[in-house]
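Okay everyone, thanks for coming. Let me put the model up, and then I'll walk you through the sheet, a helix and a pocket.

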Amino acid sequence: NVLVHSAPLDATFEDLVTILAQHKACYVFYDCQYENKEGHKRNKALYAIWSGAEASRKEKMLIASTTKEVERKCNGFAKKASFHEWSDLTEQNFIDAVCN
């Protein structure tokens with residue numbers, strides 16, 4: 001596994017989506033920033049697996065077989081989630097995944 005992209009701290013969710021490809025599969029670590037029910041600002045890291053419907057079977061198998069290794073090497077994330085539909089790649093879905 002190779003780090004392909006690392007974004008600056010001021011990068012937006014839209015910046016993230018622009019580097020993802022519908023026909024690829026990859027791991028994403030995203031710092032979700034949100035307000036809790038009391039109105040306090042919080043942030044938690046989400047470990048997301050992106051595997052688009054158009055990704056090759058080989059890429060999907062590689063992601064599935066190496067996800068545990070990535071989890072061990074990249075600790076410190078709050079939650080893990082998988083996304084398979086392009087329409088599901090929204091910042092709110094990432095925040096919902098990390099908060100639930």
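When I say two strands pair, I mean that DSSP finds at least two bridges between them. Helices (H or I, at least four residues) and strands (E, at least two) are DSSP runs, numbered from the N terminus. Quick housekeeping: this is a predicted model, where local features need pLDDT of at least 70 and side-chain atom pairs count only at pLDDT 80 or more, while totals for chains, interfaces and linings use all residues. Residues are numbered from 1 along each chain as its sequence is written, and side-chain values use heavy atoms, with hydrogens and water left out.

So, the sheet. Strand 2 pairs with strand 3 (residues 79-83) in the parallel sense, over five bridges, and L46 has K79 in strand 3 as its bridge partner. To get from strand 2 to strand 3, the chain goes through helix 2 (residues 57-73), and this β-α-β crossover is right-handed. That is, with the strands pointing away from you, the path from the first strand over the helix to the second runs clockwise.

Strand 2 (residues 41-51) also pairs with strand 1 (residues 25-35), this time antiparallel, over eleven bridges. Look for C26 opposite W50, and C32 opposite K44. Their hairpin has five residues between the strands, and G39 there takes a positive phi near 90°.

Now helix 3 (residues 91-99): which residues are buried here? F94, I95 and V98 are, buried being under 20% relative accessible area with a 1.4 Å probe, protein chains only. They sit on the same side of helix 3, because they cover an arc of only 100° around the axis, taken from the directions from the helix axis to the C-beta atoms. The buried residues of helix 3 pack against helix 1 (13-19) and strands 1, 2 and 3, with contact meaning heavy atoms within 4.5 Å.

Last stop, the largest pocket, with a volume of about 1400 Å³. On a 1 Å grid over the protein atoms alone, a pocket is an open set of points where a 1.4 Å probe fits, with protein on both sides within 12 Å along at least five of seven lines.

Conventions:
Buried < 20%, exposed > 50% of the residue type's maximum accessible area, 1.4 Å probe, protein only. 1 Å grid on protein atoms, 1.4 Å probe; cavity = no way out; pocket = protein on both sides within 12 Å on 5 of 7 lines; lining within 4 Å. Points joined across faces, edges and corners; volume = space filled by probe spheres on them.
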